[in-house]
Amino acid sequence: MQLIHIFSIAPFAPLLASILVGLFGNKFSKVFSYGLTTASVGLAFFVAIYTLYITSHGFSGEFTLYQWLSTGSYTFEIGFMIDNLTALMMVVVTFVSLMVHIYTIGYMRDDPGFSRFFSYISLFTFAMLMLVMSNNFLQLFFGWEGVGLVSYLLIGFWYQKPTAIHANLKAFLVNRVGDIGLLLGVALILFWFGSLDYQTVFGRAAALESQEIFLVGDFSVSLFSLICILLFIGAMGKSAQIPLHVWLPDSMEGPTPISALIHAATMVTAGIFMVARLSPLFELSETALSFITIIGATTAILMGIMGVIQNDIKRVIAFSTLSQLGYMTVALGVSAYSVAIFHLMTHAFFKALLFLAAGSVIIGMHHDQDIRHMGNIKKYMPITWITFLLGSLALIGTPFFSGFYSKEIIIETTKYSQIFGSDYAYWMLVFGVFFTALYSTRLYLMVFHGTEKWKTLKLKNTHHGLSSSQIPFESSRVVTIPLILLAIPSVIIGYVSIQTLLIGDFFSTSITINQAIHTNFSVIQDHFNNPFKMGLHGFLTLPFFLMLLGILVAWLINAKYININIESKVTRYAREILQHGYGFDHLNEKYLAKWLRYFGSFLWLKIDINLIDRYLVNGPAYFINRMAYKLKNFQTGYIYHYAFIMIIGLFLLMTFFIKL
Amino acid sequence: MVAPLTLAIWTPIFFSILLICFTNYFSKKILSAIAISGGLLSFLITVPILMEFNYESVLFQFQEFHHWILPYRINYHLGVDGFSVPLILLTSFMTLIVIFLTLKSEIKNLNYFHGAFLMMSGLMIGVFSALDAILYYIFWEAMLIPMFLIIGIWGGTNRIYATIKFFLYTVLGSLLMLVAFIYLFFEAGSFSLLDFYHLPLTLPVQILIFIAFFMAFAVKIPMWPVHTWLPDAHVEAPTAGSVILAAIMLKLGGYSFLRFAFPIAPDAANFLQPVLIILSLIAIVYIAVIALVQQDMKKLIAYSSISHMGFVTLGIFLLIPMGVEGAYVQMISHGFISAALFICVGILYDQTHSRQIKDYGGVINKMPIFTALVVFFAMANSGLPGTSGFVGEFMVIMASAQESFWIAFIAALTLLLGAAYSLWMVKRVFYGKATNKAVLNLKEINKQQIIILGTLASFVLIIGLFPFLITDITNVTVDNFVQFMNRSKLPLS
C-alpha cells in the first residue's frame, strides 16, 4: 500500500461511513449508525497519528488524487500536502471528532434523528480533513464550503425550532459574505500566478512582491495586500471575526456536541489554519497583517466583554470562543503563525471539553440552559464538575495549564511586534485576560456552587428543566469518558509540547516568517528557557494579576459583596449596548436585509412589471390594438365612405403628379 | 452506425407522430408504452454519438450532407462538435425524464402531451446539429409550436397571455435572425454555416448582423431586459413543460451564440463586448435580488434560472477559454438542477395546488426524503462546491477576474444572493413546525419520484466532482472557438 492510500483513508473512511449511515441508518439498529461512524473516525485518528509520527521524523510530500478539470492553460487538481502543520491539524480534528462521536452516543440517545446526526458529523470530519490536507486553493474552498454545509445542517438539526432555522440560514449567509472575499482572492491568485497549487504559488510569490494593481482609475494597491485581505475576509467569516462574527453565538441553537466539534474546536479555526498555511503570502503584506492584528484584537476584547452578561451556559462559552479566536488572529497578525496554531490546538482541547461538560450539565438539568436556574451542581455531577473546572482553569490561563502557555506567548509576541496596531492589540489582549477570568469564574460559580436555584424558581418552563423536587444525575459513562480524555490534554498539552512545537523547528517547513522585519517571535524563542520556568514566571506577569482580579471581581459579585446598581444611567447604557451585541444584528436585519428586500421589490414591481412589461412589452401590443380600432374606420362597408376616400386619394395623387 | 444524427432527430419525431395520429387504434396502456419506449429509444440512440465522438478533433463529426433545395443551395447538412454533443445527450435524457415523470399522471390527452415532448426533443436535437442556416431556422421555429401547445393547452389559468407573450417575444427575435441569414446568403452564395464562418464582413455589417442574432438569442436565454416572458411562461406551464423549458430550451440561446453570432461576426462581438458584459452582470445581480422577494416558488426558480443564465452569457462574452468553457458547464449543470427544482415544486403543487411560499412551512415533518433532496438541489443552485452548480460559477468568476477585478466582484455577489434566495425559500417552505392543514396532509414522494430526483442528484454530484467528464469533450472545441474569435474577419482592403 502506497502512502497516498494510507493518507486517503483519513478523509474517505468517514465519508464512506457517512454515506452508508445517511442512506441506511434508519433501516438498521443504532449500533450500526454509531458503530460504523465512530470506527471510521477512529481509523482516521490512527492515520493522523501515523502521519504526525512520520512527518515529525522529517517526512513531507505532495500527492495528487486526480485532475478535477483542465481548461485553456489551467489545470485544477485534488490532492494532499502532507507536512507537520497538516499532520498536527489532522490529529486535533480527528481526536476531537472521535471524542464527540463517543459523547454523542450518550448525548443524542433518545433523539429521533440519531443516525442522521452521526452521518452529519462524519461528513464534517471528511470535509474538515479535506480542508486541512489540501495542497491547493480549490480543494481548500471545497473543504471550506463543505464544513459550512454541515454546519448549516447541524445548526438547523432541530428543524422545528424557529430559532434554529433562523440561525442556520444566518450562519450560511454570513459565511457566504466571507466566501466572496475568499473566492475573489483565489481568482486573483489564479490570474497572477497561473496556478492554484500552494507550492507553485509560494514559489512565484517573491517575483510579484512589488506588483501593484489598479482598482479605480489611478488608485492602485499592492497586489499582495489586496489578495491577503480578500483571503482574510474569508477567514473572518469562518473564524467569526468582527463584523462577520454574528452567526456564531446563534449557532448554539444546534445540539451541544456540534457546538464543541464545529463551533469551537475545529471548523471555526479553519480561517486561522488557512492564514498559517498561506504564511508565505501574508508575510509579503504589512498592510494585511496590520489589518488582521486590529480585527483580531477588537474581536478578542469586545467578545470577551459580551461573555460577561450572558445567562445561557452555551452562549457564555460561545462568546469565549469568539474572544479566543481573536487571540489566535492577533497571533497571525504579528507573524507568530506557529503560536496561533499552538493556541488553536490547546483551545480545541479545553474548549471542546467545556462545551461537552456544559452539555453534560444541560442533560442533568433536563435541557435547561439558563445558568440562573442552576447552582451547586458539583454535588450531583462530580466528574462533570472537575473536568469543567480544569477546562476553565486552562481557559483563563492558570500557569502550567495548556491555555496559559499558548495565551502567554501570544501576548508576549504581540508586545515585541513592530507592526502597526500591535500596541493596541497588546493592551486589548491583556485586558481580555481580565474579562476571560471574569466570565469564566462567573459561569463556574453560578453553575457549580451556591444554592440550588431550580428548587426555588417561580417561573417554570413547561418543557424543559427540573422541577423543584428533582435533582440532576451524573451523565453516563459514554459522556464522562470523553470529558476525562479531553481534560488530560487540556491540562498538560501546553507543558509537554511547547518546547517541540514553538521553540524547535517543528513548523519550519510549513510556516515562513520574514525574519528580517518580523523579529518578535524569534526574540521570544531566545528568551525561552523551559516550560517549568515559564510557568513559574507566569505568576509574576501583568496578565496573571488581571486574571486574579477577574476571578476576585466575579467572586465578589456572585457572593453579592459588590452590588451593581443596574438602574443607574451608566450601567443601563452599557447593558443596552451589550444586550444588543453592539448593534451588529440590528444593522444586518433591520437595515441591510430589509433594504435588500425593498430594493428587490422595487426592481420587480417597478422596473420588471411596470416599466418593461407594461410599457415595452404590452405597450406596443396595446398600441397596435388601439391603432387597429382606429384603422377599422376605413373598412366600414359603406360605399359612400369608400367613394369619399377614393376622391381624397385621387386628389392627393393628382397633387403629387402635378408637382412632378 | 449509419447517420446517427438523422436517427437522433427523427426517431422521437416518428414516435411523436405515432402517438398523435394513431390515438384511436391503441388503448391507453399501449400509448403509454409507446411513449416510454419512444423516449428510451430516442435516448439510447444518442448515446453512440457520445461514445464514438472523437475528443481531439476540431472538425464537425458525423457529418451528413444531402442536397435539398438546390436553386438556393439549401442543404440537409448535419454535424456536431464539442458544443453540440453534451446538449444533445441532455435533450434526449431530459425528454426521457419528463415522460417517465408524467407516465401515470392524470393529465388530459396524455398521448398528445407525450407526443409534443417527443416532437420537441427531435426538433431541438435538430437545432443542435444543423449546419445549414435554413435547416437550423426551420428546427428553431418549429420547436416553438409544441411548446406553445404544451403551455397553451395543459397550462395554468393565465396560460393564453403567457403563450402569446412567449410566442411573440421569440418570433420577433427570430425574424431578425432570418433577415441576417438572407443577407449572408447573398454575400456567401449559400446557406452553409461553414461558408458563413469564412466570409469577410465589414465592421458595420458585422454589428448589424450581430444585433440581429443577438435579438433572437438574447430573448431565448433570456438576457436582461428581454427576460420578462420567462417567469410568466414558467408559472403557467405544466411541470414537464417547465422542466424542458428550463433544462434545454434556454440553452438553445447559449448554444446559438457560440455557433452563429460569435463566429460569424467576431469583430462585432469584440467591439460590443463591454455592453454585453454589463448586460450579463445586470442579469446576475438584478435578477437575483428580484428572486429574493418572490412569493411564488415557481417564479422564484424562474428568476433564479435567468440569474444563472447571466453566468452563461458572461462566460461566453469574456471570450477566453475558461470563461466559455465555464459557461458551457453552467448550461449543462443548470439543465439538471433547474429541472430537479421544477419537478420538486411540481410535486408539492400536485398535492396542495398552491405554489405560494406562505401556504407552506414544515414540509420536512411529512416528507423527510423529499426535503433532503430539495435541500441538496437548493445547495447546488446556490453553487456549493461538489455539486455541478459550483463548477460553472467558479470557472466564470475565475475567468472574469482576468478581465477585471470588478467584474469578478459583481459576479461573485451571486454567492451570497443565490444562497439567500434558495435557502430562504427552503427555510420558509420546508423547515419549521407543520401547522397548515394542507401541509399536514402531504404524503412522502413515491419510488418513481425518488428514482427521478435521485438520478438527477447523482448527475449533479458527478459533474461537480468530476467536471472533466464534460470539459474533456469541449476542450478542443473551446480552444478552437477562442482562437477563431481572436482572428479578424474584416475584409483585407
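This is a predicted model: local features need pLDDT of at least 70, side-chain atom pairs count only at pLDDT 80 or more; totals for chains, interfaces and linings use all residues.

Modeller: Residues are numbered from 1 along each chain as its sequence is written, and chains are lettered from A and ligands numbered from 1 in the order in which they are written.

Biologist: How do you know that chain B agrees with a compact globule?

Modeller: The rule is 2.2 Å times the number of residues to the power 0.38, with the radius of gyration taken over C-alpha atoms. For 493 residues a compact globule would come near 23 Å, and chain B has 22 Å, which therefore agrees. The C-alpha trace of chain B spans about 75 × 60 × 40 Å along its principal axes.

Biologist: What makes a residue of chain B count as buried, and what percentage does?

Modeller: A residue is buried if 20 or more other C-beta atoms, placed from the backbone, lie within 10 Å of its own; 12 or fewer make it exposed, and values in between partly exposed. In chain B, 63% of the 493 residues count as buried.

Biologist: Why is α16(B) called oblique to α20(B)?

Modeller: Helices are DSSP runs of H or I with at least four residues, strands are E runs of at least two, and both are numbered from the N terminus. In chain B, α16 (residues 388–403) and α20 (residues 447–465) pack at about 40 degrees, with axes 6 Å apart. That angle makes α16(B) oblique to α20(B), because under 35 degrees is roughly parallel, over 145 roughly antiparallel, 65 to 115 roughly perpendicular and the rest oblique. Axes are lines fitted to C-alpha atoms, for helices over the stretch in contact, and angles run from 0 to 180 degrees between N-to-C directions.

Biologist: What makes α14(A) mostly covered?

Modeller: In α14(A), 20 of its 21 residues are buried.

Biologist: How many residues of chain A are in contact with chain B, and which helix gives the most?

Modeller: Contact requires C-beta atoms, placed from the backbone, to lie within 7 Å. By that criterion 42 residues of chain A are in contact with 41 residues of chain B. On the side of chain A that touches chain B, α6(A) gives the most, with 15 residues.

Note on methods. Two residues are in contact if their C-beta atoms, placed from the backbone, lie within 7 Å.
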